Amino acid sequence: MSSPARFDRGHTDDLMTFLTASPSPYHAVANAAERLEKAGFRQLSETDAWDAGTGGRFVLRGGALIAWFVPEGANAHTPFRIIGAHTDSPNLRVKPLPDTGSQGWRQIAVEIYGGTLLNTWLDRDLGLAGRLTLRDGTERLVNVDRALLRVPQLAVHLDRSVNTDGLKLDKQRHMQPIWGLGEVQEGDLIAFLEEEEGLEQGSVAGWDLMVHSIEPPAYLGRDRELLAGPRMDNLLSVHAGVAALAAVSTAGELEYIPVLAAFDHEENGSQSDTGADGPLLGNVLERSVFARGGSYEDRARAFAGTICLSSDTGHAVHPNYGERHDPTHHPRANGGPILKVNVNQRYATDGSGRAVFASACERAGVPWQTFVSNNSMPCGTTIGPITAARHGIQTVDIGVAILSMHSARELCGADDPYLLANALLAFLEG
């Protein structure tokens, strides 16, 4: 089997471009699809019959993408090797009746999506992005990537205890962005977006909109060894997965069918038709088996031999809060991807999964680390346990260690994105 070129620091440069171009899950999957098409993949419709041919394919549904590559010689019971990730990030999302205001300020009514760090959205210049659904049923991506909105913090003169007692934010009263002055006009925001997009007034029937920081990603530090940017949880993994899948499609003979599953709605529980707890991945994998002439027996054999790497960001040890971490597990920036372990199945990793991940990293020449939570701290979770339980697939939780998780702007080592991509590529190569 020929081995494709490995990723280097140019991968991190490209990640910055991807982050900037992907202010919403809908933009993220559109950009991922464009990259896959350039690598020779083609889009399938879920309503069409699928053929048994070889090559790269992908399915888009909302903010989710499932892509796979059928190599020459694959049969109906060939197992899959899956990279799992998610496209959504905690943020502020526009409500169904968006136009509001108070005290002569025009504001936008927003709802809190996921477990966001509220204070990180204060006093930032914010844009607005997402999708518009038109009355004829078509969809239009929209991205107002300029200083449009702002959530102003109360001045210290009016909250003298803020630096001693801490900032206290009410999600309803304190997080509504301003975007102008004057009287509130019903329909104003959507009319503005219709004008921005050159659409006929009144043509928008529905919307899924969210705010984003317009500050671009940037290298940070004296030696530019760190990367600061938005939505790295978890577009960093989506980007690495797309790169690895595109690269492995040129590798020649493969023993597995490589797959990228990028889901939406991980940050609020994954229970949707585009989330990991929905049927999308299982339907796609089963249809792939059946398109190659397989039976239920072939499907069972393929799933039994399948392995998934659930790739999501994890916590790097924090220099100011070292006591919050496990005393013997301190993942560090630029130390390579992390293996995430929790015996209570908040992560799906077990000993055999550790061996799979360690082997991939060894073949790629990539260092790796282990993350486990401090016993006195609750542990987060991922799509990993959901994937394992829903599909009966061996799943291993991994990722990149970052600081400021769920902030509007997160921080990682600048080498870690391409180290992750190399590990994912080695895993897909088998």
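Predicted model: local features only at pLDDT ≥ 70, side-chain atom pairs only at ≥ 80, totals over all residues.

Colleague: Fine. Which strands does helix H10 lie across?
Modeller: H10, residues 416-429, lies across E4, E13, E14 (307-311) and E18 (394-399). H10 runs at about 150° to E4.

Colleague: And helix H6, what does that lie across?
Modeller: H6 spans residues 280-291 and lies across E2, E3 (64-70), E4 (80-86) and E13 (257-263). The angle to E3 is about 25°.

Colleague: What's the strand order in that sheet?
Modeller: E1-E2-E3-E13-E4-E14-E18-E16-E17. That's an open sheet of nine strands with mixed pairing. The edge strands are E1 (42-43) and E17 (369-371), each pairing on one side only.

Colleague: In what sense do E1 and E2 pair?
Modeller: Parallel, over two bridges, with E2 covering residues 55-61. Arginine 42 has arginine 57 in E2 as its bridge partner.

Colleague: Switching topic. Where does serine 270 lie?
Modeller: In the loop between E13 and H6.

Colleague: Buried or exposed?
Modeller: Serine 270 is buried, because its relative accessible area is 1% and the cut-off for buried is under 20%.

Colleague: What is serine 270 in contact with, leaving aside neighbours within four places in sequence?
Modeller: His265, Gly275, Ala276, Asp277, Gly278, Ile383 and Ile386.

Colleague: Now helix H7. Which residues there are buried?
Modeller: In H7, residues 296-304, Asp298, Arg299, Ala302 and Phe303 are buried. They cover an arc of only 130° around the axis, so they sit on the same side of H7.

Colleague: Why would spaced-out residues point the same way?
Modeller: An α-helix has 3.6 residues a turn, so residues three or four places apart point the same way.

Colleague: What's exposed on the other side of H7?
Modeller: Glu297 and Ala304.

Colleague: And what covers the buried residues of H7?
Modeller: The cover includes E4, H6 and helix H9 (383-391).

Colleague: Last one: H2 and H5. At what angle do their axes cross?
Modeller: Roughly 15°, and the axes come within 10 Å. H2 is residues 25-38 and H5 is residues 232-248. Angles under 35 degrees count as roughly parallel, so H2 is roughly parallel to H5. The crossing is right-handed.

Colleague: Which residues meet there?
Modeller: From H2, Ala28, Ala32, Arg35 and Leu36. They meet Leu235, His239, Val242 and Leu245 in H5.

Methods. Residues numbered from 1 in each chain as written. Heavy atoms only, no water. Pairing = 2+ DSSP bridges. Helix = DSSP H or I, 4+ residues; strand = E, 2+ residues; numbered from the N terminus. Contact = heavy atoms within 4.5 Å. Axes fitted to C-alpha atoms, helices over the stretch in contact; angles between N-to-C directions. Buried < 20%, exposed > 50% of the residue type's maximum accessible area, 1.4 Å probe, protein only. Arc of directions from axis to C-beta. Parallel < 35°, antiparallel > 145°, perpendicular 65-115°, else oblique. Left-handed = near helix turned anticlockwise from the far one by under 90°.
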